[in-house]
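Take a look at it first, then we'll walk through a few of its packing details.

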Amino acid sequence: MIALPILSPLLFGILNLLAWRSARLQKALSLAGGAVQLGVALWLLHTVQQSGIQHLQVGNWPAPFGISLVMDLFSAILVSVAAVIALVVAAYSQAGIDAPRVQFGYYPLFFLLLMGVNGAFITGDLFNLYVWFEVMLMASFVMLALGGERPQIEGAIKYLILNLLSSTLFLSAVGLLYNLGGTLNMADLALRLPKLEQGNQVTLIAILFLVAFGIKSAIFPLFFWLPASYHTPPVTVTALFSGLLTKVGVYALFRVFTLLFVQDTAYTHALILVIAGFTMVTGVFGAAAQTDFRRLLSFHIISQIGYLLMGLGLFSQPALAASIYFMVHVILAKTSLFLVAGIVEKLDGSFNLKELGGIYRTRFGVALLFLLPALSLAGLPPLSGFFAKLALIVAGFELQQYSIVAVGLAVSLMTLYSMTKVWNEAFWKEPQQSTHHPAHKPISAWLWAPTAALVLLSLLAGMLAEPLLGLANQAAAQLADPSIYIQAVLGAVP
Amino acid sequence: MVLLLAITAGVLFAAAIYMILRRSLVKILVGLLLLSYAVNLLLFNSADLIPARPPLVAADSLLPPTIYADPVPQALILTAIVIGFGLTAFAVVLMRQVYSTLGTDDLNEMRCTDIPCQEVEIASEEELMEDPL
């Protein structure tokens, strides 16, 4: 049952391959696939919430020997949000992806990417996690390079090299951990690692994992591939990547640093907290210097990753809950911002903020679609970003980590500054004579309707902050107490 | 044997890092290849190397022999080799594409995604026309 979020994208990916010649059929299939995925994900979320952690032993091999698929509430929440993004982006792609790209397999890749992402969320085995990462990366490489425009190729090669490097580091960390623990099942490892005498070696491996996943999730000294590549493909692809890819890296960090490497938190989690601060600051300063809409948003992804890590670094149940809610918020807000950037480009023919202008006057609706997620990202009440940051900061105060709280608040202000800059340049100032097209140019409903739906969802996430934070808190309770996870996978613990 | 393999893996890691730090794309590709070999050796070494003791249960017994070779790392390596092969194949094709689109394999000339550089773009294409190598 919990293999469904992996199987359904696989099925639709294959169907899309079979429908290779018919773009229209592929488009219809992609919408159906997105809808099915969302239904499956929400149903699983409901099941997991009602009856606890679900698991599946693939091939009926008992737990530590075979590969386990495990779905706790954290995975279920992320699978659901990923499904929302998939459906929205599938709808947006109907008009946002040009015909040649569809012809060369955009939709099959889309579903394979989704399969990799969901697989990484669900698996309970470290080596299997590596395999899902590779599935996801392979699809993302091709999606990034698909189209073959000059900046795309250049961005893709940087993305490829750094991600290959990170994969090999991940694999060597897996090998070293197998040498120490003698197993790769995460629940079994969590049981064995605390009993080992070589605590220093475990910490060393933990740092290797931090670097490997850190490259994938674009944390402070390792983020360079992201702003170099994310703005190059069509904005639809960027929106999908920004919603899913780095978040898988963050998910993996959360999983290993709450389940496996909790022996030496004074070192590892303190380090994560410091990295979180630097990630926030560099991301937001990087964004402040940009004049390209997409590059600016790409740097904001990095800065938001910092907030997610902050919850992990604080490492208390409220902090983890805040991070989980933050993750939902940032996936929704960030993806909708990219989708709006795509609409703006369709309207004015540019991503350069200097060449844009006057959209507020000509297209009030588009301006509103930008403003809501932008303010949410900066953390203004009553939007979801406010509650996410509030919860994080309260958790920080509880643990008396005042410096990271101060950094978080300052970065929030900087985020507001850079969102104001976009607003002033693209929406508020006088229309630019040279490039501006009048308002008659129609925008396809396939572009604005999914964006509007996503913005609406992001608004809802703010209004339903109380129940959502409650759900995040349940998920955090499962993360904070590894024995629940271990017991669910291995059965009764000896 | 373990020591020999460990040293080999270490040397491979060092060579791979040296190659990856170079400017030319092809050399980086070689570096990545060496790195994946190094990791595969590391995986191979991650269980005790026990020769000629397959993990098979004898016909007249219910338990495997007391000392046997761990089959898991070998399964992991097989998977890793296949994945590595696929990724390398894609990397080669992408690098070919980079060379034919950008006209260079020098990383120092690939800064257009980091800083806007329309002028450099035109210049490098002209250079390619004059001197394809």
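## A buried isoleucine

Let's start with Ile6(A), which sits in helix α1 (residues 4-18) of chain A; helices here are DSSP runs of H or I with at least four residues, strands are E runs of at least two, and both are numbered from the N terminus. Ile6(A) counts as buried because 23 other C-beta atoms lie within 10 Å. The cut-offs are 20 or more such atoms within 10 Å for buried, 12 or fewer for exposed, and anything in between for partly exposed, with C-beta atoms placed from the backbone.

What does Ile6(A) touch, leaving aside residues up to four places away in sequence? The list is Met115(A), Asn118(A), Gly119(A) and Ile122(A), where contact means backbone-placed C-beta atoms within 7 Å. Ile6(A) and Phe111(A) are 105 residues apart in sequence, yet their C-alpha atoms are 9.7 Å apart in space.

## Where the numbers come from

This is a predicted model, so local features need pLDDT of at least 70 and side-chain atom pairs count only at pLDDT 80 or more, while totals for chains, interfaces and linings use all residues. Residues are numbered from 1 along each chain as its sequence is written, with chains lettered from A and ligands numbered from 1 in the order in which they are written.

## Helix α9 of chain A

Helix α9 (residues 199-217) of chain A has 19 residues and spans 26 Å from first to last C-alpha, close to the 27 Å expected at 1.5 Å a residue; that expectation is 1.5 Å times one less than the number of residues. Its buried residues include Val202(A), Ile205(A), Phe209(A) and Phe213(A). The buried residues of α9(A) pack against α7, α11 (235-260), α12 (265-288) and α13 (293-314) of chain A. Just after α9(A), Ala218(A) takes a positive phi of about 60°.

## α11 against α14

The axes of α11(A) and helix α14 (residues 317-348) of chain A come within 8 Å and cross at roughly 160°. Axes are lines fitted to C-alpha atoms, for helices over the stretch in contact, and angles run from 0 to 180 degrees between N-to-C directions. The pair is therefore roughly antiparallel (over 145 degrees; under 35 is roughly parallel, 65 to 115 roughly perpendicular, the rest oblique).

The contact involves, among others, Ala239(A) and Val250(A) of α11(A), plus Ile331(A) and Phe338(A) of α14(A). By class, its residues divide into eight nonpolar, six polar and three charged. For these classes, Ala, Val, Leu, Ile, Met, Phe, Trp, Tyr, Cys and Pro are nonpolar, Asp, Glu, Lys and Arg are charged, and the others, Gly among them, are polar.

## Chain B and the interface

Chain B has four helices and zero strands, and 24% of its 133 residues count as buried. On the interface, 29 residues of chain B are in contact with 28 residues of chain A. α2 (25-45) and α3 (72-102) of chain B each supply at least two residues of that side, with α3(B) giving the most, at 15 residues. The chain B side has 20 nonpolar, seven polar and two charged residues.

Definitions and conventions
Two residues are in contact if their C-beta atoms, placed from the backbone, lie within 7 Å.
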